[in-house]
Amino acid sequence: MAGGAPPPGGGGPSAASSQPKILLTKPPSIGAVNNIALGRRDEDSSAGTAGGGSAGPTARSSSRSAPQPASLSLLSAESWELQIDRVLPFLTENNDFVVVGVIGPAGVGKSTILNELYGYDASSPGMVLPFATQTDEMRALSKHCSAGIELRVSNERLILLDTQPVFSPTVLADMIKPDGSCAIPVMSGEPLSAEMAHELMGIQMALFLASVCNIVLIVSERINDISMWQLMLTVDLMKHKIPDPSQALNFAPDKDNRSTSQANIDEYMSDLVFVHTKLREQDFSPPKLEHARKTLNKFLETSFASSSRSSFSEPNGSSDVSGSNREDSDAAHQMFFIPNRATQEGASQFECTSYSCAVGSLRDRILSMNPRSFSKIISERDWLRGSAKIWDLVKKSPVIANYSNTLQEAGLFRK
């Protein structure tokens, strides 16, 4: 695990530490926390909203975000602030953990992938679905599942972060006022048009994940969609003097968003894994897959991602990734290809696994990664405190503010 620099012998929690909590639902009350920690559903309390924190999803009856009474939000979609006090009880002083985040457009399978990483078993009685997935009814009503950033912690101490969709008209519809301005304070003290704020929200979330996670999954639909690649290139431009959580604990930015200790930090970038979902059978032809990998490597060769290449441990010497061979996993960016749900194993002339096998293979490979560690060994709770300081840096970033002004002055977004 990679909560900090890898401790010898695992560095897990001691026997004297409290029993780790397995987060499946947000606590509706203090008395229900034990049920939640054990993964049991409380039918009476799950119908209500949680005590404390910001208003629950039922307060946004007009929102296009689907109601999530069992969610625990790290980043509130209403205030656009981290809810540290709400999340802290579910984290421990354990320093043997890995943080995995996911970002992508709506309906590409982000929550499904995180559910697989969590180890969700639909056949297990009473087990609550960790991350809600989009249904046909939600699509018909133009609703999205995740709002802000949702957090879960698995029994293996995987801290999983699921983000609201980027490039999403339903998110834009939630945040726009009748006059076209933004109802959410995306940039500290700076009013913006809803369209401009919507653009910056995706950049802020991606920048935050790249700074506080060990691994970030960038999920796109189909093999030819490069919009998420372009977003990560923009993050490369914006990521200036932003540390990892272990370094962020040691400084407090002043009103100019700088400090003496911040000047000497090492910039951190999580390991990036690019996942393309909903591929058709013909997309699994070897020339197409090889072309996609070469294109990604060329696209990102001058960016931070060129040094953000993690290594896999290869079980049984296998180098197969979702039905496609890769000869040198360390010489190229990590890419995974997942077929459409309708694809069945052996259904085409190309080497194409079924959807369930591909998602399971992705889970196995992510869990076998040796991800980038933070500069210092820190506990889960210190990770949260450091992440809060990083989010403050992101919201007050002068680089993002200059980027916003440049886009508005160029006429791409109205002021």
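Begin by selecting I103, L161, V186 and W383, the residues with the most contacts inside the largest nonpolar core, which has 74 residues; a nonpolar core here is a set of buried Ala, Val, Leu, Ile, Met, Phe, Trp, Tyr and Cys residues joined through side-chain atoms within 4.5 Å, and buried means under 20% relative accessible area, with exposed over 50% and partly exposed in between (1.4 Å probe, protein chains only).

The model is a predicted one, in which local features need pLDDT of at least 70 and side-chain atom pairs count only at pLDDT 80 or more, while totals for chains, interfaces and linings use all residues. Residues are numbered from 1 along each chain as its sequence is written, and side-chain values use heavy atoms, with hydrogens and water left out.

Next, centre on W383 and show what surrounds it: leaving aside residues up to four places away in sequence, W383 touches L91, F97, V99, L151, I159, L161, V212, P245, F374 and I378, where contact means heavy atoms within 4.5 Å. Then select helix 12 (residues 380-395), which lies across strand 1, strand 2, strand 3 (149-153) and strand 4, and runs at about 30° to strand 4; axes are lines fitted to C-alpha atoms, for helices over the stretch in contact, and angles run from 0 to 180 degrees between N-to-C directions.

Now turn to the open sheet of seven strands, whose order is 1-3-4-2-5-6-10 with mixed pairing. Helices (H or I, at least four residues) and strands (E, at least two) are DSSP runs, numbered from the N terminus, and two strands pair if DSSP finds at least two bridges between them. Strand 1 (73-75) and strand 10 (334-339) stand at the edges with a single partner strand each, so one side of each is left without a neighbour in the sheet. From one strand to the next, the twist averages 25°.

Within the sheet, select strand 2 (residues 98-103), where six of six residues are buried: V98, V100 and V102 lie on one side and V99, G101 and I103 on the other. Strand 2 pairs in the parallel sense with strand 4 (residues 158-163) over five bridges, and the bridge partner of G101 there is L161. Four bridges join strand 2 to strand 5 (residues 215-221), again in parallel, with V100 opposite I215.

Select helix 4 (residues 110-118) next, a mostly covered helix with eight of its nine residues buried, namely K110, S111, T112, I113, L114, N115, L117 and Y118. Just after helix 4, G119 takes a positive phi of about 95°.

A further stop is S368, in the loop between helix 11 (355-367) and strand 11 (369-370). S368 counts as buried because its relative accessibility is 18%, and its side chain reaches the backbone oxygen of R365 at 2.9 Å.

Finally, zoom out to the whole protein, which has 13 helices and eleven strands. Of its 415 residues, 54% count as buried. Among contacts with a separation of 6 or more, 75% come from residues 24 or more positions apart.

Technical notes. A polar contact is a pair of N or O atoms within 3.5 Å; within protein, one must be able to donate a hydrogen and the other to accept it, and residues adjacent in sequence count only if both atoms are side-chain atoms.
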